[in-house]
Each structure stands twice: as structure tokens, then as C-alpha cells.
Amino acid sequence: MPQSVLTLDMILVFAVIVAVVFLFIVEWVRVDVVAILAMIALPALGLIDGRTAFAGFGSTAVVSIIAVIILGRGLDHTGVIAMGVRPLLRLAGCSRWRIVALLSLTIAIVSSFMQNIGAAALFLPALRRISRESGLPLSQLLMPVGAAAILGGTITLVGSSPLIMLNDLLAPDGLEPFGLFSVTPVGLALVGAGILFFIITGPLLLPGDRQSAGTCELPNDPSLYYKQLGELYELTFPQGGNKAFKVYELCDNYLVHTVALASLDGSTKLIPPDRDSTVEPGSVIAVYGPREKVDQAAARFGFQVSEQLNVFAQDLDSEMAGIAEAVVPPHSIFVGKTLREIRFRHNYLVAPLALYREENDFYTQLGGHELKVGDAVLMHGAWRNFKRFRQTRDLIFSQSMDREILHPQKAGMAIACFALATGLVIFSNLSLPVCLMAGAIGMVLTGVLSIDEAYQGVDWRTVFLLAGLIPLGLATQETGAAAWAAGQLMEWLHQPPTLVVLLILAIMSTLFTLVVSNVGAVVLLVPLVINLAEDLGVDPRLAALVVGLAASNSFILPTHQVNALYMGPGGYRSLDFIKTGVPLSIIFVLVLTTMVYFFY
């Protein structure tokens, strides 16, 4: 039975909770600092011992998050994530609502069979890349996708920890257990309502520049200012066709710039080839040029034109290579030298595409131009090659070059480490953090990541936020404060209709989940609501189901693990969660209670 006497310890716990929520809202200090303050205040007030105060750092959730972030960084570092997001972007196009809907639906499905924090952590690198390539602000993506990850945990009985524990909590009362897909109709309705909510209200409620959403063109892309540059094409020079020609012939005669040359089977590649390199029949080249010029060259040499890269799909992927504009500064060693003398292609492995000087663009006969201070050179090359210029400062780039250099040659090892972690989770009896950390340390031992890169990939704000809030939940349970609050609510209820009972239980579970962990809320409330439901003449299984599902209704504060994970990268404030979380939580409660009442 819940304790009926309000003790001093309970009052102190409630005071700490109120202080934490207040500081979350006013943001006088960062949320992770608030969590640390709570972690210190609880043992100082005698509510928990010092060892328990720091138990959050060794919790399953925190260690699992660290391991999954390292696994995700390894997959991202090797280009596996970049390859995975390409089909999603092609399918979603430039539409904001299609991008949000497709990503949200994907992560919801993954979360239905995988812990939502693991799915959210794995999706984070992909979301960053999608944001960069689509032009959609990351703040417009992370919260909808994070909410979908949480909602996805309601689709099956193994999608979230509260639902996994539900049948065990029903057993002592002899109630019939739920099946794996018993909750699926409700879960699908919740996911659909959540996705629809963000599609409609996202541009209004989420922070970020809404004007840039869905343009699919980044404003700092220098190629936008060179109108005759054209697009990237892959040309196949058939065997037995025309005679061989030099690379410079395409540029000077057709305004078509060759940036890559390969044999037909792709075994030999030059990126970029020299201007004097010979293109033999049976070769494949990647070129930039206006479509009409490319077609003219194809008619002359018999090229087969493809707008999609095949042979060079990985080498010229936007995460591996691209276009950069650089200005010649006064101290540059290139001043007074022609492009032919500098030999950018041979010495620096970048291909000049255009020269801008005194309001004029030059695209052909570039080799004879003598560089002057203030000239802008448009080049194509691998991002790692552009970084060489940053050391000498002989060229100053007009856009940020802070791109991570990918290592696709290590992709196999990264996938193997991820498969190891996944296999241990599925087929071994080891705990979840041990399985995930085995894959994470595998990333380091195999050279996919250095240990410093692994540490740098972890968002320590998230770690301290979660580790600091876990003791608050423990204190709420150990002092009996949670049981007392639940008991007071039970006494307040008399004989309301079944729908009203379910509605109140959903609200109560939602409120408890914001402070106590979702697992703690379910463990505490399910035995209580079973007894209450029997007294009120309500099906106790439905009451327990509402509590288990409503434990996922955690959107108002960044206390849920997924919200805490995405808060830093998305640049969200606590008020952003309140602004979107309150209406979403209301929709969640209404959809949940309506579906359970009428469907079951």
C-alpha cells in the first residue's frame, strides 16, 4: 500500500524536482549543469548516499549510449552512413515533409524491435549528413525523428523497456499476458499521429531557418555562381569507337572538364587526370559541363552519357570529393605563375574548372592565365587534397573546409564490428552495454577509429544530463514520494466512467515518466492501477496497458534519453521541448485512450 504520511524526505524530493524543472525552463545554466547540481544536492540533503548519487554513470542506459555513439561514429567515419542515406534522399527529394515523414517512419520501424536510444544514436550521423545535403536545418529534423524513435517503441511489446516488463508485472495478479503484436494497432496510430503533427506544425514550432528548408542547394556552394559550369556526368568511351584524344581537348573545344579517368572495369583510376592524359577507347571519364556541350562531345566521340555515377560513385561521392573556390592572397607562391606552370592536377591532385577575375569568368584555355592577387579559382578534388592548401595558406577558401575525411577502405571492418555487437545482443546472454561496448572497442582495435576520435564522438553533455537525472528518479522511489503522489491520486478518484479512468491513468503515467524513469514509472504504477481498476470495475489489463504505453509519452522535457541525446546537436532549449512537447503529449494521451477504449 502506498505510504499515506507525507514525510520531510518526500517534501525535499519534491522541492528538488521543482527546482530542476524551473531551471530547465529559465535556462540560467545549461541542462547538464542542472543535472549535476541535482546529483550533488540529493546526497547533501541526505536523500540518497554518495555511491547512489553517481550510480548513473554506470547505468545500463548511459554506458549503452556511449557505446552506440562510438559505433555510429565508426560507421560514419568510413562512409557507411553516407552510402545508406543516399536512397532515402533520392526517395524524399527536396520536400521537407517527405524527408521528415520518411525518416520518422524508418526510425519508428527500427525502434519497434530495437531500444529507441540505440536507434536514435545510430541515426544521428545520418541525420547530420541529410541536413547538410538537403539544406534542411538539423533542428527541423532531430526533434521529429527523435519523437518517432520514442513512438516506435509502442508498436511491439519489445520496443521499449516498460512494455518488455509489462507481462512480468501482470503475472502476480494472474492476468493474461499480452502478445508481441497486441499493442501494434495503438502503436501505429501513435506513430502516425506524431508524424502528422510534425509535418503540419514543424515549420511553426521547431527552431531553425524555415526558408532554407528543402532547397537541396546549400547557400555556400560556390558552383552556384559559375553559370556555365554545368553538372557532373559519367561518360563511357566505347571500345572500337573513335580514336583516342587528350583531356585538354574536351575542355578547350567543348567546355567539358574531365575530373576523373578510369579503365572500363574501374581497376585503374586517375583522379584527376593530367591535361595531357590520353583518353583511350574503353575508358570511363567523369566530367563537368553544360548538358548541351556534353551532348556535342558525345556526338563527336561516341560517348555514352550517364547522369548517375557508376564507376566513380564512391570516389566522387559528395562526402569524399566536391567543388571548392579559393582566392589567391598577396603572399601566395602562385602569384605571377600560370596554371600550366603550377600544374594543379599533377602536383596537388585537384582539377581547375574556372577562373574568376575582375567580374569575368573563364572556363577554357585556363593554362595560359597568369594568376594575380584576388583571382578566384574554382577547383574539383577530394576534400583531403584541399586541406593541403590550408597548411601553406597559398590559397584562401571562400567556404568552410571543416569536413571529416572519410575512410571507405575501412568500411568492411566497421560493418564487422557493428555486426559483432548486434550478434552478441541477439545470440548471447551478455548484458546490453557489454555487447555494445565490445563492438565499440572493436572499432578502436581494428583501426577504424583512434581512441581519441572515439572520445571526441561522444556528446558528454548527454552523458552528464542522463547520469545526473537517474539519481533523482531513484530518490523519488526510495523516499516513497512517487508512491505517495500516486496514492493521493488514487484516493481522489471515485467512480468516473471507464474512458475518464483511462485518460487519468495516461496523464498520471506521463507525469511520472518526466521525473522518474519510464521503467520506474511502470514498476511503481502498474501494481497500483491494477488494484484501482478492479475497485472501479475497469479491466485491469487495459489499465496496465495504458500505463505501459503512456510511459513513452516523454516529450515535454529533455529527460528522456533520446531527447537528451538530440538536444545538443539540434541546438534545442528546454522551451523548444515544452513548446512542441505539450501539444504532442496531449495528442498522445487522446489517441492512446481512444484507441485502447474502442479497440480493446
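Modeller: Welcome! One term before we start: helices (H or I, at least four residues) and strands (E, at least two) are DSSP runs, numbered from the N terminus. The model is predicted, so local features need pLDDT of at least 70 and side-chain atom pairs count only at pLDDT 80 or more, while totals for chains, interfaces and linings use all residues. Residues are numbered from 1 along each chain as its sequence is written, and side-chain values use heavy atoms, with hydrogens and water left out.

Biologist: Thanks! How many helices and strands does the protein chain have?

Modeller: The protein chain has 25 helices and 12 strands. Its C-alpha atoms fill a box of roughly 90 × 50 × 45 Å along the principal axes.

Biologist: What share of the residues in the protein chain is buried?

Modeller: Buried means under 20% relative accessible area, exposed means over 50%, and partly exposed lies in between (1.4 Å probe, protein chains only). Of the 600 residues in the protein chain, 53% are buried. Among contacts with a separation of 6 or more, 77% join residues 24 or more positions apart.

Biologist: How much accessible surface does the protein chain have?

Modeller: Accessible areas come from the Shrake-Rupley method with a 1.4 Å probe, and for residues only the protein chains shown count as cover. The protein chain comes to about 25300 Å², and carbon and sulfur atoms hold 60% of that surface.

Biologist: Which residues make the nonpolar surface patch?

Modeller: Patches take residues with over 30% relative accessible area and no salt bridge, joining like charges within 9 Å and nonpolar side chains (Val, Leu, Ile, Met, Phe, Trp, Tyr) within 5 Å. A salt bridge is a side-chain nitrogen of Lys or Arg within 4 Å of a carboxyl oxygen of Asp or Glu. Here F22, W28, V29, V33 and L37 make a patch of about 490 Å². One of them, V33, sits in helix 2 (residues 31-44) and is partly exposed at 34% relative accessible area.

Biologist: Let's turn to sheets. What is the strand order in the open sheet of 5 strands?

Modeller: Two strands pair if DSSP finds at least two bridges between them. The order is 10-9-11-8-12, with antiparallel pairing. Strand 10 (360-362) and strand 12 (396-397) each have a single partner strand, so one side of each lacks a neighbour in the sheet.

Biologist: How many bridges join strand 9 to strand 11?

Modeller: There are 6 between strand 9 (residues 350-357) and strand 11 (residues 376-382). A354 stands opposite L378, and L355 has V377 as its bridge partner. Strand 8 is joined to strand 11 by 7 bridges, again antiparallel, with A321 opposite A382.

Biologist: Is strand 11 mostly covered or open, and what lies across the sheet?

Modeller: Strand 11 is mostly covered, with 7 of its 7 residues buried. Helix 15 (residues 383-392) lies across strand 8 (321-327), strand 9, strand 11 and strand 12, at about 135° to strand 11. Such angles run from 0 to 180 degrees between N-to-C directions, and axes are lines fitted to C-alpha atoms, for helices over the stretch in contact.

Biologist: Which residues of strand 6 lie on each face?

Modeller: In a regular strand the side chains alternate between the two faces of the sheet. In strand 6 (residues 283-289), 7 of 7 residues are buried: S283, I285, V287 and G289 on one side, and V284, A286 and Y288 on the other. Strand 6 runs antiparallel to strand 1 (residues 231-236), with 6 bridges, and L235 stands opposite I285. Strand 3 (residues 257-263) also joins strand 6 antiparallel through 6 bridges, placing S263 opposite S283.

Biologist: Last topic, the backbone. Which peptide bond is cis?

Modeller: Most residues other than glycine have a negative phi, and most peptide bonds are trans. The bond from I271 to P272 is cis, with omega near -5°, and P272 lies in the loop between strand 4 (269-270) and strand 5 (278-279).

Biologist: And where is R343, with its positive phi?

Modeller: R343, with phi near 55°, is in the loop between helix 13 (339-342) and helix 14 (344-348). Its relative accessible area of 40% makes R343 partly exposed. Q365 also has a positive phi, about 55°, in the loop between strand 10 and strand 11. At 48% relative accessibility, Q365 counts as partly exposed.

Conventions
Contact = heavy atoms within 4.5 Å.
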